[in-house]
Amino acid sequence: MNHFWNLFKWDIILLNRNRLFIIAAVVTFMYLGIFYLLQPIGDLTTVLIILIFNDPVITGFMFAGILWLFDKNQHTLQVIAVLPIKPTYYLLSKIIVLSILATILSFIMTIAAHGLIFNGFYLFISVFLSAFMFSCLGLSIGALTRNFNQFLLYAIPILILTGLPFASLFGVGKSWYYLPLPSAGGIELLRSTFEKRAFGFNILMSIHLFGWTIISWVLVNKITKTRLI
């Protein structure tokens, strides 16, 4: 576990050196500014849900891919391959750092824009697990691509597909229509953060999100296996 914690601390330092923490904070406060300007319109819970999901979670996807490409270009992956470090530690340290960052930013956005009247448990579960899943996907796509342009080419269709469940927020289709998509559970649990919904439904969405999180973890390990050994 010492190897894991060393990697974890190094990833925090790396993110800080590359100003990714600052970038995430700036984008978050920019979203809060937009939310503040739109407040006179009325209830903006739907907008808040979209901003929370798009900022921390999707940012985790992009940051994960960028970190992989950065390590690849800096030949860090070759160094990891010859060190007595489990490949899963390398992946897990980056994923957890990004997931924690996403969760912290989501709580800042929610408290600033919505006050303290929300379900913190559902917010934590939906954002942390969604960020974990998207970070896995980001690392997977990064491992399959040679440069940032190719990464974007692969990433854009995925981001469009995973954004389709937002349509249910506007009454386009029932929530269960979008269950085949990995983002559906996280988005529905985010809704439950601000709305009272059936406990059984929330359990189902939690299982959906947890299941896709496991699938994404298995996927990233399989894809990166030959690139980290």
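Author: A helix is expected to span 1.5 Å times one less than its number of residues. Helices (H or I, at least four residues) and strands (E, at least two) are DSSP runs, numbered from the N terminus. The model is predicted, so local features need pLDDT of at least 70 and side-chain atom pairs pLDDT 80 or more, while totals for chains, interfaces and linings use all residues. Residues are numbered from 1 along each chain as its sequence is written, and side-chain values use heavy atoms, leaving out hydrogens and water.

Reader: Thanks! What span should the 19 residues of helix H2 have, and how far apart are its end C-alpha atoms?

Author: H2 covers residues 20-38, and at 1.5 Å a residue it should span 27 Å. Its end C-alpha atoms are 27 Å apart, which agrees.

Reader: Which residues of H2 are called buried, and what puts them on the same side?

Author: Buried means under 20% relative accessible area, exposed means over 50%, and partly exposed is in between (1.4 Å probe, protein chains only). Leu20, Ala24, Thr28, Tyr31, Leu32 and Phe35 are the buried residues of H2. They cover an arc of only 110° around the axis, taken from the directions from the helix axis to the C-beta atoms, so they share one side of H2. Val26, Phe29, Tyr36 and Leu37, on the other side of H2, are exposed.

Reader: How many helices and strands does the chain have?

Author: Nine helices and zero strands. Read from the N terminus, the elements run α-α-α-α-α-α-α-α-α.

Reader: What makes a set of residues a nonpolar core, and which ones have the most contacts inside the largest?

Author: A nonpolar core is made of buried Ala, Val, Leu, Ile, Met, Phe, Trp, Tyr and Cys residues joined through side-chain atoms within 4.5 Å. The largest here has 69 residues, and Ile52, Phe53, Phe61, Trp68 and Phe134 have the most contacts inside it. In soluble globular proteins, nonpolar side chains tend to be buried together.

Reader: Which residues does phenylalanine 61 touch, not counting those up to four places away in sequence?

Author: Contact means heavy atoms within 4.5 Å. With that cut-off, Phe61 touches Phe134, Leu137, Gly138, Ile141, Phe151, Ala155, Ile158 and Leu159.

Reader: Why is the pair of aspartate 71 and lysine 94 called a salt bridge?

Author: A salt bridge needs a side-chain nitrogen of Lys or Arg within 4 Å of a carboxyl oxygen of Asp or Glu. The N to O distance here is 3.1 Å, so the pair meets that definition. Aspartate 71 lies in helix H3 (residues 45-73) and lysine 94 in helix H5 (residues 87-114), so the pair ties together parts that are 23 residues apart in sequence. Aspartate 71, at 2% relative accessibility, counts as buried, and so does lysine 94, at 4%.

Reader: How many salt bridges does the whole structure have, and which residues are linked in a network?

Author: The search finds four salt bridges, and Glu188, Arg191, Glu195 and Arg197 form a network of them. Among them, glutamate 188 pairs with arginine 197 at 2.8 Å, N to O, and glutamate 195 with arginine 191 at 3.8 Å. Glutamate 188 is buried, at 2%, as is arginine 191, at 15%, whereas glutamate 195, at 32%, counts as partly exposed.

Reader: What makes you say that H8 is mostly covered?

Author: In H8, 11 of its 11 residues are buried. One of them, isoleucine 187, has a relative accessible area of 0%. Leaving aside neighbours within four places in sequence, isoleucine 187 is in contact with Phe53, Thr162, Pro165 and Phe166.

Reader: Is serine 216 buried or exposed?

Author: Serine 216 has a relative accessible area of 3%, so it counts as buried. This residue of helix H9 (residues 199-228) is in contact with Met133 and Cys136, leaving aside neighbours within four places in sequence.
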